Amino acid sequence: MAFTLEAHMPGLVARVTCEIGQEVEENQELVVLNCMKTEISCLSPKAGKVKEILVAEWDEMDVGVPMIILDEI
C-alpha cells in the first residue's frame, strides 16, 4: 500500500533529501521547505520505500500538495 507525504505549509522546496528506491524510517527527513527564510523539515509519516519524487528544488508548494510517494515495507 502506498502513502503520500504532502506539504504541510506553503513555501519553496529547499532540498529533497531522499532518492527513488531508498528505504526510509518513520520521522526521517525527506524534503526541506523554505518559508519566509525558515527551513522546515518534512518527515516521513511511516517507514517505507521511496516510490516517486514529485518535487524538485525551488518548486513552489501549497498546503496539501503531494511531494513524495512511499510504498510500505
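Modeller: Two strands pair if DSSP finds at least two bridges between them, and strands (E, at least two residues) are DSSP runs numbered from the N terminus. The model is predicted, so local features need pLDDT of at least 70 and side-chain atom pairs count only at pLDDT 80 or more, while totals for chains, interfaces and linings use all residues. Residues are numbered from 1 along each chain as its sequence is written, and side-chain values use heavy atoms, with hydrogens and water left out.

Biologist: What makes strand β4 (residues 29-35) and β5 a pair?

Modeller: Six bridges join β4 to β5, and the two run antiparallel. The requirement is at least two bridges, so they pair. Within β5, isoleucine 40 is the bridge partner of leucine 33.

Biologist: Which strands form the open sheet, and in what order?

Modeller: The order is β5-β4-β2-β7, with antiparallel pairing. β5 (38-43) and β7 (60-61) are the edge strands, since each pairs on one side only.

Biologist: How do you know that strand β3 (residues 23-24) pairs with strand β6 (residues 48-53)?

Modeller: Two bridges link β3 and β6 in the antiparallel sense; at least two are required, so the pair qualifies. Valine 24 stands opposite glycine 48 in β6.

Biologist: Why is serine 44 called buried?

Modeller: Its relative accessibility is 1%; buried means under 20% relative accessible area, exposed over 50% and partly exposed in between (1.4 Å probe, protein chains only), so the label applies. Serine 44 lies in the loop between β5 and β6. Its contacts (heavy atoms within 4.5 Å), not counting residues up to four places away in sequence, include Val24, Leu30 and Leu70.

Notes: Helices (H or I, at least four residues) and strands (E, at least two) are DSSP runs, numbered from the N terminus.
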